[in-house]
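Here is a colleague's note to read beside the model. Please keep the sequence and the 3D view open while going through the numbered points.

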Amino acid sequence: MAKLLYAFSCSVDGFIAGPGGDMSWLTPYLGPDPLVEDLIPRIGALLVGRRTFGGDDPHKGGEGEGKAFGGGWDGPQVVLTHHAPAPVPGVTFAGDLTEAVTAAKAAAGEKYVNVLGADVARQCLEAGVLDEILALPVPVLLGSGVRMFDRAGPAVKLEPLAPHWYRVLG
């Protein structure tokens, strides 16, 4: 059965996007990464937040603009939103988290569901459905923006699986 993985790049001070969702800070750091290259074929579906789906693209202006992982991955996407736009090929829009997770897991089969978007990841964590986290720090301090987790609440224990990769224990 598919596992939910929140895999993301972040600044050393914990931001996945700059102010206003700006992703241009990440562009100079995109490039070959053996860990990411190994992960991509293991992803069966994406579970994406609405702001991330319609947001800034670190591949803007390049060949990979508008494509998952800059064109390195293609497959089913489930977008969690209360206001679905016009239909988009290969994209399912779901109105609640349970529906979105169920659809993404069904689409992923035995592979990972990669969660994209801090708010969706927070919701998955709080609902107890997030299985793993892969945090890829980038050598930059943004100072402000969208945090990888913006969550008040009890501590969540993680078990290291590999460098930067953790199992969520609760």
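1. A residue is called buried when its relative accessible area is under 20%, exposed when that area is over 50%, and partly exposed in between, using a 1.4 Å probe and protein chains only. This is a predicted model, in which local features need pLDDT of at least 70 and side-chain atom pairs count only at pLDDT 80 or more, while totals for chains, interfaces and linings use all residues. Residues are numbered from 1 along each chain as its sequence is written, and side-chain values use heavy atoms, with hydrogens and water left out.

2. Side chains of opposite charge can pair when their charged atoms come close. A salt bridge is counted here when a side-chain nitrogen of Lys or Arg lies within 4 Å of a carboxyl oxygen of Asp or Glu, and the structure holds five of them. One of these salt bridges joins the side chains of E132 and K3, with an N to O distance of 3.4 Å. This pair links distant parts of the chain, since E132 belongs to strand 7 (residues 132-138) and K3 to strand 1 (residues 3-11), 129 residues apart; helices (H or I, at least four residues) and strands (E, at least two) are DSSP runs, numbered from the N terminus. E132 is buried, at a relative accessible area of 3%, whereas K3 is partly exposed, at 36%.

3. Another salt bridge brings together the side chains of D38 and R42, at 3.1 Å from N to O. D38 is partly exposed, with a relative accessible area of 43%, and R42 is partly exposed as well, with 33%.

4. How far apart are the closest N and O atoms in the salt bridge between E126 and R122? They are 2.8 Å apart. Because E126 and R122 are four residues apart in helix 4 (residues 118-127), about one helical turn separates them. Salt bridges with shared partners join D119, R122 and E126 into one network. E126 itself counts as partly exposed, at 44% relative accessibility.

5. Two strands are said to pair if DSSP finds at least two bridges between them. Strand 7 and strand 10 pair in the antiparallel sense over three bridges, with L134 standing opposite W165 in strand 10. Strand 9 and strand 10 also pair in the antiparallel sense, over four bridges, and here L158 stands opposite V168 in strand 10.

6. Strand 9 and strand 10 form a hairpin with two residues between them. H164 is found in the loop between strand 9 (158-162) and strand 10 (165-168), and its phi is near 70°, a positive value in a residue other than glycine. Most residues other than glycine have a negative phi. H164 is partly exposed, with a relative accessible area of 35%.

7. A nonpolar core is a set of buried Ala, Val, Leu, Ile, Met, Phe, Trp, Tyr and Cys residues joined through side-chain atoms within 4.5 Å. The largest such core has 27 residues, and those with the most contacts inside it are L4, Y6, L47, V115, C124 and L130. Among the elements that each supply at least two residues of this core are strand 1, helix 3 (97-108), helix 4 and strand 7. A second, separate core of 15 residues includes L5, I40, I43 and V48.

8. For a closer look at Y6, take contact to mean heavy atoms within 4.5 Å. Leaving aside neighbours within four places in sequence, Y6 has contacts that include I16, V115, A121, L130, E132 and F149.
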